[in-house]
Amino acid sequence: MEMTGAQILLECLKREGVEVVFGFPGGAVIDIYHELPNSPIKHILVRHEQGAIHAADGYARASGSVGVCLVTSGPGATNTVTGIATAYMDSIPVVILTGQVPTKLIGNDAFQEVDIVGITRPCTKHNYLVKDVRDLAHVVRQAFYLARSGRPGPVLVDLPKDVMQAKTAFKYPEDVSMRSYNPTYKPHIGQVRKVAQLIKKAERPLIYSGGGVISSKGHEELTWLARKLSIPVTSTLMGLGAFPGDDPLWLGMLGMHGTYTANMAVSNADLVLAVGARFDDRVTGKVSTFAPKATLVHIDIDPTSIQKNVSVHVPLVSDCKLALAALKKDLEQAAEELDWAAKHKAWIKQVKAWNKEHPLTYKEGTGISPQYVVETIGELTKGKAIITTEVGQNQMWAAQFLKITKPNTFLSSGGLGTMGYGFPAAIGAQMAFPGALVIDIAGDGSIQMNIQELATAVCHNLPVKIVILNNGYLGMVRQWQELFYQKNYCETCMEAQPDFVKLAEAYGAAGFRVTEKKDVAPVLKKAFKLKQTVIVDVRVEREANVYPMIPAGASLTEMLLV
Ligand SMILES: Cc1ncc(C[n+]2csc(CCOP(=O)(O)OP(=O)(O)O)c2C)c(N)n1
C-alpha cells in the first residue's frame with residue numbers, strides 16, 4: 001500500500017519507539033501535522049522552537065532514549081540551532097525534524113527557506129536533506145541509529161514539503177548499514193590489561209568521570225571500581241550522578257568551580273583515570289599544569305576526543321560501560337586478594353585532610369544565601385527529584401550543593417552553557433517521568449529566556465517546579481565583573497524585573513515569593529507538594545559569589561576560596 005511521506009515519517013517514528021514529539025507547526029510541515037491525529041504519537045505544542053529542542057534534549061537526558069522535535073522551515077528551523085548546539089556539545093541523542101520548502105524551490109530564496117543542513121553541519125553529528133520520498137524510511141532509520149549509537153548526538157532530517165506529500169510503498173528497513181560508520185564498542189584487551197596494571201601500581205589513583213559514563217549506563221561498573229579498589233572519584237558537571245554524591249569517596253566536581261579537594265587531588269594524583277570525559281577547558285584550567293604528576297588514562301568511545309586537548313599516556317577507545325566492565329573482570333581477583341583500603345590509606349587520608357582544610361562552604365550574610373536554598377532543596381528531595389538548571393551561578397551552586405546520587409537526574413547545559421535550557425528541559429524530563437518531582441533551579445536572567453514555556457507546562461498539566469534564585473543580576477557575569485573588572489557592573493543589573501508570582505498566575509500556574517530565610521523550607525515544601533506548575537521566586541543575597549573559583553587560564557591549584 002502506498003503512503004505519503006508524512007504518513008511514512010510518523011510510521012517510522014512509531015517503529016523507533018517514539019512516544020512524544022515536541023514541536024511547533026508551520027506551512028512546510030502542515031502535512032505532517034495533518035496526519036498526527038492518526039498516529040499514536042503524542043505531540044507537545046511548545047511556545048518557541050528553542051523550547052522544543054531543549055525539551056527533546058531534557059527528555060533524552062532523563063530517559064536515556066532519543067528525544068524528538070518537529071519544527072517548520074526557515075525561522076522554525078533556525079530557532080532550534082542553539083538547542084542543537086547544546087545537545088551536540090553534551091553528546092545528547094536527539095532527532096530534529098525540520099520542514100523545508102518544496103524541492104523545486106530550494107535555492108530560490110523561497111518564502112521561509114533556509115539552508116538548515118548547511119547551518120547545522122558543524123553542530124550535528126550528521127544531517128540529511130531528503131529529496132525523494134523513497135529515501136525517507138531508511139534516512140529516518142539511520143538518523144535514529146546515528147543519534148543513539150557510538151558517541152550520541154543530534155541528527156537533523158530536513159523534509160521538503162513535496163516529499164511529505166509524495167507517495168510510495170512503505171517498507172521499514174530491518175538493518176542499518178553505513179559503511180564508513182563503525183563505532184568501536186569493545187575495548188582492546190591489551191590496553192585494558194595495561195590500565196589494570198597501572199591501577200595496581202598506583203599509590204594515588206583518581207577517577208575523573210564524565211557524561212560518557214552516564215550515556216553508556218556504566219555507573220554501576222564505575223561505582224564497583226571505586227568502592228572495591230578504594231579510589232576517590234571526581235567528575236565533570238556532565239558526570240554528576242554517575243557516582244553517588246553521598247559516598248565517602250566522592251570528592252565533588254573538579255575544575256573552575258570544583259571543590260578544593262578535587263582540584264588538589266587531580267594535581268597530586270599519580271594516576272588519573274578519565275572515563276567518558278573530554279578535558280574541557282573549564283575542567284583542566286591551564287592545560288600545561290593539569291595533573292602534572294599523573295599517568296593519564298583516557299577511556300572514550302570517540303577516538304577523535306582522545307589526545308585532542310591534553311596528551312594522554314594510555315588511550316582506550318571503547319564504550320565506557322564495556323571498558324569499565326572489562327577492567328572489573330581483570331581486577332576482580334586482585335580486588336579480593338589485596339587490601340586496597342590499606343594500600344590507599346595515606347592517599348585517602350590526604351584527600352580527607354584537604355576536605356577538612358577547605359570544605360565546600362559559604363558565608364552566611366544577612367539575607368537568604370542562594371547556597372542555603374539549594375541545600376534546602378536537597379534536604380527536601382533526598383536525591384529523589386530530577387533537577388535541571390539554567391546557566392550561571394544557579395547552575396554552579398546546584399552542582400556544588402546538591403548531592404546527586406543517581407545518573408540521569410541532573411540535567412544541565414554543560415558544554416555550551418545555554419541560558420534558557422533548564423525550564424524546557426524540565427518539561428521534557430517531566431514528560432518522560434510524569435510522576436517524578438522535576439525542579440528547575442534558575443536565575444532571574446536565565447528563566448526569562450524561555451519563560452513562555454509556562455504555557456506549555458500549564459496546558460499539559462506538568463507539575464514542573466521552578467525555583468528562581470533571584471539576585472536581580474546576571475549573577476555570574478556580575479561576579480566576573482566584581483573579581484576581574486573592578487566592579488564595573490556594566491549591563492548586568494536586571495532592571496524592570498517582572499513580578500514572577502503574577503507572571504506565574506497569569507499563565508495559570510502557582511507562584512510564591514520568599515523574602516525571609518525562615519520561609520524557604522516551608523514554602524518549598526508546599527510548592528513541591530502541589531500538582532501543578534509552580535514558580536518560587538526566592539529573593540537571595542544580591543552579591544553572593546560562587547567559590548571556589550579558578551580564574552580563567554590559571555592552574556587548578558590557583559583557587560580563589562571563600
Ligand atoms: C544564551 C546565553 N547568553 C549569555 C550567556 C552568558 N552568561 C553566562 S552566565 C550569565 C548570567 C546568568 O544570570 P542569571 O540567569 O540571572 O543567573 P545567576 O548567575 O544570577 O544565577 C550570562 C549572561 C549564556 N551563558 N547564555
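Which residues is Phe 22 in contact with, leaving aside its neighbours within four places in sequence?

**Entry 1: ground rules.** I am working with a predicted model, in which local features need pLDDT of at least 70 and side-chain atom pairs count only at pLDDT 80 or more, while totals for chains, interfaces and linings use all residues. Residues are numbered from 1 along each chain as its sequence is written, and side-chain values use heavy atoms, with hydrogens and water left out.

**Entry 2: Phe 22.** I looked up the opening question and found that, with neighbours within four places in sequence left aside, Phe 22 is in contact with His 43, Ile 44, Ala 52, Ala 55, Ala 56, Tyr 59, Val 68, Cys 69, Leu 70, Gly 428 and Met 431, where contact means heavy atoms within 4.5 Å. Phe 22 is found in strand S2, residues 20–24; strands (E, at least two residues) and helices (H or I, at least four) are DSSP runs numbered from the N terminus. Phe 22 counts as buried because its relative accessibility is 0%, and I note that buried means under 20% relative accessible area, exposed over 50% and partly exposed in between, with a 1.4 Å probe and protein chains only. From Phe 22 to Asp 247 I find 225 residues in sequence and 37 Å in space, C-alpha to C-alpha.

**Entry 3: the sheet that holds S2.** I find 6 strands in an open sheet with parallel pairing, in the order S3-S2-S4-S5-S7-S6; two strands pair if DSSP finds at least two bridges between them. Strand S3 (42–45) and strand S6 (126–129) are the edge strands, each pairing on one side only. The twist from one strand to the next averages 20 degrees, with axes taken as lines fitted to C-alpha atoms, for helices over the stretch in contact, and angles running from 0 to 180 degrees between N-to-C directions. S6 pairs with strand S7 (residues 154–160) in the parallel sense over 4 bridges, and the bridge partner of Tyr 128 in S7 is Val 157.

**Entry 4: helix H5.** Helix H5 (residues 81–89) lies across strand S5 (94–100) and S7, and runs at about 145 degrees to S7. In H5 I list Gly 83, Ile 84, Ala 85, Thr 86 and Ala 87 as buried, and what covers the buried residues of this helix includes helix H3 (49–63), S5, helix H6 (116–120) and S7. Just after H5, Ser 91 takes a positive phi of about 55 degrees.

Entry 5: Strand S13 (residues 295–300) and S14 pair in the parallel sense over 4 bridges, and Asp 300 stands opposite Val 317 in S14.

**Entry 6: strand S18.** Strand S17 (residues 438–443) pairs with S18 in the parallel sense over 5 bridges, and the bridge partner of Ile 439 in S18 is Lys 465.

Entry 7: On a 1 Å grid over the protein atoms alone, a cavity is a set of points where a 1.4 Å probe fits but cannot get out, and a pocket is an open set with protein on both sides within 12 Å along at least five of seven lines, lining residues having an atom within 4 Å of a point. The largest cavity is lined by Leu 9, Leu 10, Leu 13, Val 21, Ile 32, Leu 36, Ile 41, Leu 70 and Leu 97, and helix H1 (residues 5–15) gives the most to this lining, with 3 residues. The second largest pocket is lined by 41 residues, of which Gly 245, Trp 250, Gln 400, Leu 402 and Lys 403 lie nearest its centre.
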